[in-house]
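Before reading on, please take a moment with the sequence and the model shown below.

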Amino acid sequence: MINFNKNNLDNATSPYLQQHKDNPKHRLMISLLYAAGLRVSELLHLRLKDISFENNYDFVRQGKGARDRLFILSQKIREPLMTLIADE
């Protein structure tokens, strides 16, 4: 996941990031936005059935321009995401 150090937070323009950086679920969401290049609307429409942990990719449905696309699921995101899903 993203390393939220003082320099990252000083340069961040989002008050949301600064306010919720310690919440694990929010931190994972912010990391997904950053690492996978997702838009907020794409993040909100992710479905568990579209994630391929074996192949390290996920599928976004109805992204920008109502288009579907794949994105790479990085190793740094994969483990925390699997843990979150297992805990839910």
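What follows describes a predicted model, beginning with a helix.

**Helix α5**

Helix α5 consists of 13 residues, 75-87, and at 1.5 Å a residue it should span 18 Å, which agrees with the 19 Å that separates its end C-alpha atoms. Within α5, the residues Ile77, Arg78 and Leu81 are buried, and because they cover an arc of only 100° around the axis, they lie on the same side of α5. An α-helix has 3.6 residues a turn, so residues three or four places apart point the same way. The buried residues of α5 pack against α3, residues 24-36, whereas the face turned away from the buried side carries the exposed residues Lys76, Ala86 and Asp87.

| Residues of α5 | State |
|---|---|
| Ile77, Arg78, Leu81 | buried |
| Lys76, Ala86, Asp87 | exposed |

**The nonpolar core**

The largest nonpolar core is made up of twelve residues, among them Leu28, Leu32, Leu38, Phe53, Ile77 and Leu81. Both α3 and α5 supply at least two residues each to this core, and α3 gives the most, with three. Apart from its neighbours within four places in sequence, Leu38 is in contact with Leu32, Leu33, Leu43, Leu46, Val60, Arg69 and Phe71.

**The largest pocket**

The largest pocket has a volume of about 340 Å³, and of the 17 residues that line this pocket, Leu32, Leu46, Leu81, Leu84 and Ile85 are the closest to its centre. Helices α3, α4 (40-44) and α5 each supply at least two residues of the lining, and the largest share, four residues, comes from α3.

Terms used: Residues numbered from 1 in each chain as written. Predicted model: local features only at pLDDT ≥ 70, side-chain atom pairs only at ≥ 80, totals over all residues. Heavy atoms only, no water. Expected span 1.5 Å × (residues − 1). Buried < 20%, exposed > 50% of the residue type's maximum accessible area, 1.4 Å probe, protein only. Arc of directions from axis to C-beta. Contact = heavy atoms within 4.5 Å. Core = buried A, V, L, I, M, F, W, Y, C linked by side-chain atoms within 4.5 Å. 1 Å grid on protein atoms, 1.4 Å probe; cavity = no way out; pocket = protein on both sides within 12 Å on 5 of 7 lines; lining within 4 Å. Points joined across faces, edges and corners; volume = space filled by probe spheres on them.
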